[in-house]
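Please look over the structure below before reading on. The notes after it are meant for a reader who is new to it.

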Amino acid sequence: MQSTQSQQAKIEKLHDLNEDNTVRLKSSGDWTIDTLHDAAEMLTEMTSTYRNVPILWDVSATGRVDSAGMLLFIRSFDALKANQCSVDVVGATSEHEKIYQLVRRYAFGHREAKPALFSRLLMPFNRIGRRFVAFLTDLKDFLAFTGENFINLLLAIVHPRTIRFGAIVKNIEEAGVRAMPIVALTSFLIGVVIAYQGAVQLEKFGANIFIVDMIALSVTRELSPLITAIVVAGRTGSSYTAQLGVMKITEEIDAMRTMGFDPHRFLVLPRIFALIIALPLMIFFADIIGIGAGMFISHIHLNLSYPEFIHRLQKVLAVKHVWVGIGKGPFFAWLIATVGCFRGFQVSKNTESIGRYTTISVVNAIFLVIACDALFSVVFTELGI
Amino acid sequence: MNDTIIKVSNIVTRFGTNVIHDGINLSVRRGEIYGLLGGSGSGKSTLLKQMIMLLRPESGEITLLGHNLMSISRNDAASLRHYWGVLFQGGALYSSLTVAENVGIKLREYTELPENMIEELVQMKIKMVGLPPTAATLYPAELSGGMIKRAALARALAMDPQLLFLDEPTSGLDPIGAEAFDNLLIELRDILGLTVVMVTHDLDSIWTIVDRFAVLGEKKVIAEGTLKEVLHASHPIVQQFFGGSRGQIRSRDGK
Ligand SMILES: Nc1ncnc2c1ncn2[C@@H]1O[C@H](COP(=O)(O)OP(=O)(O)O)[C@@H](O)[C@H]1O
Ligand SMILES: [Mg+2]
């Protein structure tokens, strides 16, 4: 490793003394991996200019040579030969010979890599096609996953003893109890926003009291289910994907299969059950915080006293509205947990894919939750609920 | 050829209260293949990691190519890292890069060679370690254990290092592959003048390619030298190591 200190830049000289038409090349300096840059450029140029001429290559002044240096020599040598030049190499030491033999043995010839123009033009279509096929395979896999999951669910209902209650409770704590602070904060802020927006409009008509209707209905029916589901998708859906993905990479899931522990029963069902139980409860919790925040802002901003607010609340907030909101919970929970687990199982064996599938899982879950909510809105309106 | 290029003196290593090394001394000479032996958990990998500046010993000194690693400057450390090659016990290939990209990563980062030449160099190293050319486009997850070892060796050799650190290079290889591996190392050492420090359990390697080695045990180096010298040491651990049935078969048939 003296080369690090005494680094001689290697030079490639060209004596074009025309006596007998022979081109004389002389290489000198160290031909090692970090001194080759200029020589490589010069040689590429030279090898394309000489055609059908005798060449005398003097390498006697060359110092240290490593495999990169020798590869460059061999490339140039072969290229000159291919151009019908006769190449005589003089001055090679026995060290050079040995490296030459080594590199010769392992070196590959040139390869034409660039695809033809036509196939390059077709590339975008190729890509669109692949994307579409990938989408269809994804969809098929997802259906297969849900099917397998459903069968395991039926089995679990038939044999309730096989349900992993411990895992369910642990997951409820992880996904539900620990998420309460962030759910509380977001729903509080949502309550504040609604109250402020409403207050400005209603004050114009002197219809202050209707703020209660507005807050109560929008929070319980729409906002708290949606906001809670989105928070949970970001927090829990992503962690489901990452957890299962890591287990997939470390072959833990394969190990479980060989021991006869079905990953659906041990990993997926407890997560789905846990979220189905936790999410409706969290929605109820979010309802309380959201309405509380609205009440607080109404008091400050519209001078609506707490008893007035509560009195009006009892009158307008029929219990069915609360049930509608909470009733969406299990559906959202099922979507989030299933997508999270499904994407986790899709993680292939490299670490990068964990990140990719976690992102995909969150995006999918949020999209599906919103789409599902839109569907509910239409159905409930048509049914007049 | 006998100048010392790595000198380890009085290394003490502790993880918490667990003492791993208690005064390790050894030296590696230029151009030799140096083995580190010892039972599992005797601290071979840890010592190797200290030589390549991944871990810092609690006390003691390591001198590598004249640089004291305890007080090395940033620039010197960087240039050491450019020029040595390291093969980790588990391969440690970058999982998001293909084999060819793994092998070429230092070439692309540290040299200014034209791209087509880098590709050729990469192909050459891949062929050198005995991988089929088709392996170049595979990801580490798609390789078998032995192929990972080979790909990792190709990556370690990419820059034509003068100094090569190998952690159990032949474990996980079939006997034929292990022999080819040994032959390649000898060839490279003879032709390119490599110095190799390798952790190994492989008695075949010890018999055939290792010039000198150190046996770690009881937190110290219990024997150091050529095979002959070490066999003369009468330390019980050494006797156990070479006196076991595997060792005896080797010494009967060996050279
Ligand atoms: N990061 C670490 N933290 C705590 N203990 C460690 C760590 N790395 C290694 N050890 C311990 O140091 C000892 C030597 O490990 P290692 O050098 O890997 O052994 P080997 O000789 O098998 O390569 C072992 O007992 C191991 O448990
Ligand atoms: Mg080890």
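This is a predicted model: local features need pLDDT of at least 70, side-chain atom pairs count only at pLDDT 80 or more; totals for chains, interfaces and linings use all residues.

Residues are numbered from 1 along each chain as its sequence is written, chains are lettered from A and ligands numbered from 1 in the order in which they are written, and side-chain values use heavy atoms, with hydrogens and water left out.

**Chain B as a whole**

- Chain B has 10 helices and 10 strands, where helices (H or I, at least four residues) and strands (E, at least two) are DSSP runs numbered from the N terminus.
- Of the 255 residues in chain B, 53% count as buried; buried means under 20% relative accessible area, exposed means over 50%, and partly exposed lies in between, with a 1.4 Å probe and protein chains only.
- About 11000 Å² is the accessible surface of chain B, and 50% of that surface belongs to carbon and sulfur atoms; accessible areas come from the Shrake-Rupley method with a 1.4 Å probe, and for residues only the protein chains shown count as cover.
- When contacts in chain B between residues at least 6 apart in sequence are considered, 64% of them join residues at least 24 apart, a contact being heavy atoms within 4.5 Å.

**Surroundings of ligand 1**

- The residues around ligand 1 include F15(B), I20(B), K44(B), S45(B) and T46(B), a residue being counted if one of its heavy atoms lies within 4 Å.
- Helix α1 (residues 44-51) of chain B gives the largest share of this shell, 3 residues.
- Sorted by class, the shell around ligand 1 holds 2 nonpolar, 7 polar and 1 charged residues, where Ala, Val, Leu, Ile, Met, Phe, Trp, Tyr, Cys and Pro count as nonpolar, Asp, Glu, Lys and Arg as charged, and the others, Gly among them, as polar.
- Oxygen atoms of ligand 1 lie 3.0 Å from a polar backbone atom of G43(B), 2.8 Å from a backbone N or O atom of K44(B) and 2.7 Å from a polar side-chain atom of S45(B).
- Of the 560 Å² of accessible area that ligand 1 has on its own, the protein covers 57%.

**The magnesium ion**

- S45(B) (OG) and Q89(B) (OE1) coordinate the magnesium ion (ligand 2) at 2.0 to 2.5 Å; donors are N, O and S atoms within 2.8 Å of the metal (3.2 Å for Na, K and Ca), and water is not among the atoms, so sites may look incomplete.
- Because S45(B) lies in helix α1 of chain B and Q89(B) in the loop between β6 (84-87) and α3 (99-110) of chain B, the pair ties together parts that are 44 residues apart in sequence.
- Q89(B) is partly exposed, with a relative accessible area of 36%.

**Loop residues**

- G193(B) sits in the loop between α6 (175-192) and β8 (195-199) of chain B, and with a relative accessible area of 25% G193(B) is partly exposed.
- Apart from neighbours within four places in sequence, G193(B) is in contact with Q162(B) and L188(B).
- Most residues other than glycine have a negative phi.
- E251(A), which is not a glycine, has a positive phi of about 65 degrees, and E251(A) lies in the loop between α8 (211-249) and α9 (252-258) of chain A.
- E218(B), also not a glycine, has a positive phi of about 50 degrees, and at 57% relative accessibility E218(B) counts as exposed.

Note on methods. A polar contact is a pair of N or O atoms within 3.5 Å; within protein, one must be able to donate a hydrogen and the other to accept it, and residues adjacent in sequence count only if both atoms are side-chain atoms.
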